[in-house]
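Below are some comments on the model, arranged as numbered points. Please read them with the coordinates open.

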Amino acid sequence: MDGSALSGPEKGAGANAGKTTAAPDGAGALPPVPTREELIAKVRAYHPRVRSELLGRAYDFAKKHHGEQMRDSGEVYYSHPIRVANLLADVRLDEVTIVAGLLHDVVEDTDIDIGDIEVRFGADVAELVDGVTKLDKLEFTSKEAAQAENFQKFILAMTSDIRVLLVKLADRLHNMETLHHRKKPESRQRTARETMDIYAPLARRVGLYDVAARMDDLAFQELNPEARRAILFRLEELDRENRGDLDRIRDDLTKLLDATGIRYRLKGRRKQPYSLWRKLERKSISFRDVADLFAFRVILDNVPDCYSVLGAIHTHWSCIPDRFRDFISVPKPNGYASLHTTVRASGNRRVELQIRTEAMDRTAEYGVAAHWGYKNRAYGFDVDSARAAGLDPEANLKAFAELLRDGAEPGEFLEHAKLEMYREHVFTFTPKGKLIILPAGAMPLDFAYAVHSAVGDTTTGARINGEEKSMRRPLKNGDVVDIIRGRAPAPVIGWEAMTYTGRAKSKQRKLERDREAAEFRRLGEGLINQALRRAGAEPVDVMLIDVANKIGISSIDDLREDVGRGKLQTSAVVNAAFPGYAAERTDDADKTPIDSRHAPLFVEGKDLMPGVTLHLGQCCRPLPGDRIIGVQVPNKGLVVHISSCPRLAEYDDRPELWRDLKWTELAKTGAVATARIRINASNQKGVLAKLCSAVAESNGNIVGISTGTRQPDFIELLMDIEVEDLKRLTQILAALRSLAVVDRAVRDQESQDEQ
Ligand code: MN
């Protein structure tokens with residue numbers, strides 16, 4: 001059980017049941033906006049050394065810069081930041097947080113920027129305001145409940161200082177308190193939903209159970225007013241019925257506590273309508289079962305007293321076994337500590353009790369904030385009070401934020417492991433606000449596949465935060481990614497350097513294979529048709545199916561692809577169609593290129609101009625066999641790079657220049673390229689001869705040698721070798737590495753680091 005259902009203000013709920021105004025039942029009108037002096041006095045009450053000048057200046061600044069803007073509530077806008085600051089003072093936060101509360105909307109809503117804030121109020125304040133402004137930019141419009149948990153994690157991941165979250169929670173609470181003034185019902189509902197799904201759980205996570213309960217109740221009021229009203233009505237009914245019993249049990253309890261001789265404070269508690277509703281929703285039990293119990297809180301001076309009182313109560317009344325929890329011995333990681341027990345009192349009435357010290361009660365009320373305080377000279381995180389609440393005394397603000405992030409409930413080891421994982425993740429959004437979590441390093445194409453394979457398969461570009469951006473840029477936390485799509489599935493040119501996830505890589509690879517297969521099918525179709533027509537036959541489907549079956553191929557497409565790939569000769573097709581037909585005329589057909597892409601060019605690809613000049617990039621020196629990309633450089637021609645070449649980044653903004661290329665068969669048989677090899681070898685007599693003969697034996701033609709560093713026993717060489725393709729180069733490298741004198745032999749490419 002968590003504390004949410006048990007804490008919270010003791011409101012006169014029920015009194016307003018059946019009221020039809022838009023104002024939230026039970027919430028009533030807000031007290032007047034505190035004046036500058038009232039706010040300062042309130043902070044000074046718990047923090048005597050507060051810099052009242054700073055606080056006053058922030059108050060005036062917010063008032064001045066929000067000007068005469070009005071809120072939907074009819075209050076002037078500046079009342080909002082002041083109320084937020086006031087809420088933060090309620091939980092007794094430090095002055096930096098309260099100043100940040102006063103200024104939290106100034107950057108968003110006025111022409112003041114974060115630099116101004118830093119100059120006027122210092123870096124600490126500016127950092128908090130900046131954090132809150134960033135959180136404000138996120139919109140959680142997803143309707144999927146499963147996303148809510150992710151949003152909570154996202155917010156925690158974005159919040160390096162827990163005070164940013166506290167300001168955000170105060171902001172949200174005040175917005176909820178004035179929600180009924182907002183005119184658009186959809187907007188009210190969305191905010192209420194978001195509050196219930198994201199902010200109330202976050203408040204609970206940091207131990208602000210009271211804030212969480214208020215948020216839940218206000219959201220419940222908006223989302224399901226009838227249900228809430230019905231519950232309040234039933235509660236009131238029960239109250240009337242039970243009044244006699246309640247008084248009797250309170251008397252019994254008082255007598256019992258008095259008899260112990262221990263000093264105590266006794267509080268009655270009321271169930272929150274929303275938590276009752278949740279229980280009714282979750283369990284198939286009646287209202288009476290969930291609501292018909294009395295709840296008290298006993299507050300004591302110290303821990304031994306807590307156990308003494310627990311003993312006295314359990315001696316007098318019998319405890320309901322499953323309902324006993326000892327959060328003093330094992331506090332929740334957010335600091336919540338208390339004993340919880342439910343007993344069966346006289347008249348068979350169930351009585352729920354929370355037993356705790358004053359310090360624990362304060363933690364239950366103020367959560368994280370309970371451990372800030374005035375101590376010696378400094379105001380800040382109070383180690384002793386943290387220790388008293390069972391927290392690690394070494395914890396500072398940052399460590400505490402991490403602690404919260406790493407597991408809000410006891411025993412959440414699995415959860416912890418999951419969150420560890422989130423640190424290496426990047427949180428991004430679709431334009432509609434759906435959260436997409438990707439591994440850090442992921443790029444737009446990975447995002448597209450995470451949304452849907454059909455989106456990934458048709459991706460042609462991406463807008464990030466509204467601007468068209470390079471697809472090679474890793475995404476950042478909070479990026480809104482809008483995928484630009486083409487009509488038909490097609491691989492993205494240069495996808496290898498634009499994908500990070502295995503999923504995106506394998507999907508793009510498949511698209512590439514599919515497209516290649518389609519090209520071979522087209523080529524095969526042309527070759528088959530030509531051969532059959534020469535043999536005097538019209539290539540109709542019936543005939544082709546027959547031919548395919550005879551050869552042992554299952555479809556016409558496969559037949560065409562096999563011919564296109566050169567796995568099957570057209571003569572075999574003609575022979576299958578006309579057994580005994582003399583094949584002499586078809587020999588030419590096999591050799592005659594019928595497609596311009598098979599013209600004597602070294603590379604082939606779409607949109608290549610017929611007479612374009614070919615240059616091999618001197619940065620990466622691509623060889624036939626390498627995966628390549630062309631860049632159509634104006635006034636120069638087509639420059640070919642290895643697809644992973646860092647130089648390609650220079651053309652990221654000019655996707656119209658990119659050409660998807662493949663080496664032609666011809667390129668693989670004529671020596672078209674020079675590879676450069678870097679060799680580290682022992683500097684001994686005859687080493688060069690050994691290296692040269694190894695290259696020659698592997699059919700490489702050395703066209704240049706230069707010496708790099710030379711040391712008494714060590715030599716570095718650069719060797720330019722003509723090779724027909726990557727395969728040959730690999731063989732040569734292997735031959736060199738097999739020599740005893742060679743330490744290292746690698747292909748020399750421009751450093752990948754210089755981007
Ligand atoms: Mn605000």
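1. Contact here means heavy atoms within 4.5 Å, and helices (H or I, at least four residues) and strands (E, at least two) are DSSP runs, numbered from the N terminus. This is a predicted model, in which local features need pLDDT of at least 70 and side-chain atom pairs count only at pLDDT 80 or more, while totals for chains, interfaces and linings use all residues. Residues are numbered from 1 along each chain as its sequence is written, and side-chain values use heavy atoms, with hydrogens and water left out.

2. In helix H2 (residues 52-65), Leu54, Arg57, Ala58 and Phe61 meet Ile117, Arg120 and Phe121 of H6. The residues of this contact of H2 with H6 divide into 5 nonpolar, no polar and 2 charged, where Ala, Val, Leu, Ile, Met, Phe, Trp, Tyr, Cys and Pro count as nonpolar, Asp, Glu, Lys and Arg as charged, and the others, Gly among them, as polar.

3. The manganese ion has as protein donors His80 (NE2), His104 (NE2), Asp105 (OD) and Asp171 (OD), which lie 2.1 to 2.3 Å from it; donors are N, O and S atoms within 2.8 Å of the metal (3.2 Å for Na, K and Ca), and since water is not among the atoms, sites may look incomplete. Because His104 lies in the loop between helix H4 (95-103) and helix H5 (106-109), and Asp171 in helix H9 (residues 162-177), the pair ties together parts that are 67 residues apart in sequence. Along the chain, the donors of the manganese ion follow the spacing H-x23-H-D-x65-D.

4. Both His104 and Asp171 are buried, that is, under 20% relative accessible area, with exposed meaning over 50% and partly exposed in between (1.4 Å probe, protein chains only).
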